[in-house]
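Below is a short note for a colleague who is new to reading protein models, arranged as numbered points. Please keep the structure open while reading, and look up each residue as it comes.

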Amino acid sequence: MNEINFVNTYSSLTSDEIIAKEKSNMDEKRFKHCIGVSQTSRKLAKLNNYDPDKAALAGFIHDYAKQIAPERFIKVIKEQNFDPNLLNYNRAIWHGIVGAYFIEKELKITDPEILTAIRRHTTADVEMTTLDKIVFVADFIEPSRDFSGVEEARKIAYANLDDGVGFELAHTLDFLITNRKKIYPKTFAAYNKWSVKD
């Protein structure tokens with residue numbers, strides 16, 4: 001895998017081992033998406049004076065748990081004392097909040113900042129670190145994303161990371177409401193923090 005390499009893995013595993021484990025955990029399309037998010041995270045990190053290597057790693061592993069079987073998520077939510085309300089949602093939410101558990105156990109990454117960014121990338125939050133914002137936005141604007149408004153989202157995010165978070169949350173809530181989908185409470189709160197223009 002020449003496209004990607006991590007000097008510091010924040011893990012007892014090597015870069016090659018993390019890449020191999022991630023690749024075996026998902027289909028090819030998802031894996032390519034993770035590479036795109038990694039590269040976009042690196043670019044956003046450089047624009048926002050953040051460690052580009054750490055951001056690239058967090059971006060790469062953000063969807064590690066995306067295609068884990070729902071039964072495994074449900075088992076972990078129940079056995080590891082996660083908020084029981086999570087059972088009212090699905091993998092779209094779980095792969096961030098609960099996904100960090102799998103990353104810690106299987107990829108051996110224990111860095112709190114990386115794990116928090118993984119937890120928050122599916123929901124956002126009222127409090128978000130620079131890394132949280134980078135992974136959240138990179139997931140939305142990476143090169144393979146193709147939806148109405150993506151070019152505007154890229155332009156906004158590269159100019160101002162906070163505005164990128166706000167644009168993404170407004171776009172996501174609009175989609176969820178239009179399609180009558182359930183909205184996770186933290187995402188509502190995050191929208192009120194990052195998207196509302198006074």
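1. The charged end of Lys-193 is placed over the ring of Trp-194, 4.5 Å from the centre of that ring. A charge sits over a ring here if NZ of Lys or CZ of Arg is within 6 Å of the ring centre and within 35 degrees of the ring normal. Another such arrangement has Lys-182 over the face of Tyr-89, with 5.4 Å to the ring centre.

2. Before going further, please note that this is a predicted model, in which local features need pLDDT of at least 70 and side-chain atom pairs count only at pLDDT 80 or more, while totals for chains, interfaces and linings use all residues. Residues are numbered from 1 along each chain as its sequence is written, and side-chain values use heavy atoms, with hydrogens and water left out.

3. The structure contains seven aromatic pairs, where rings of Phe, Tyr and Trp (its six-membered ring) pair if their centres lie within 6.5 Å, and where planes under 30 degrees apart count as stacked, over 60 as edge-to-face and the rest as tilted. Why is the pair of Phe-73 and Phe-102 called edge-to-face? The ring centres of Phe-73 and Phe-102 are 5.4 Å apart and their planes stand at 85°, so the pair falls in that class.

4. Because Phe-73 belongs to helix α4 (residues 70-79) and Phe-102 to helix α6 (residues 99-106), their pair ties together parts that are 29 residues apart in sequence. Helices (H or I, at least four residues) and strands (E, at least two) are DSSP runs, numbered from the N terminus. The rings of Tyr-101 and Phe-102 are also edge-to-face, since their centres are 5.7 Å apart and their planes at 80°. Ring pairs join Phe-73, Trp-94, Tyr-101 and Phe-102 into a cluster.

5. Buried means under 20% relative accessible area, exposed over 50%, and partly exposed in between (1.4 Å probe, protein chains only).

6. The largest pocket has a volume of about 890 Å³. Of the 28 residues lining this pocket, Lys-66, Ala-92, Thr-122, Thr-172 and Leu-176 are the closest to its centre. Helix α10 gives the most to the lining of the largest pocket, with six residues. On a 1 Å grid over the protein atoms alone, a pocket is an open set of points with protein on both sides within 12 Å along at least five of seven lines, and lining residues have an atom within 4 Å of a point. Grid points are joined across faces, edges and corners, and a volume is the space filled by probe spheres set on the points.

7. The second largest pocket has a volume of about 210 Å³, and its lining includes Lys-193 and Trp-194. Here too α10 gives the most to the lining, with five residues.

8. Thr-187 is found in helix α11 and counts as buried, at 6% relative accessibility. Leaving out residues up to four places away in sequence, Thr-187 touches Thr-123, Leu-169 and Leu-173, where contact means heavy atoms within 4.5 Å.

Key. 1 Å grid on protein atoms, 1.4 Å probe; cavity = no way out; pocket = protein on both sides within 12 Å on 5 of 7 lines; lining within 4 Å.
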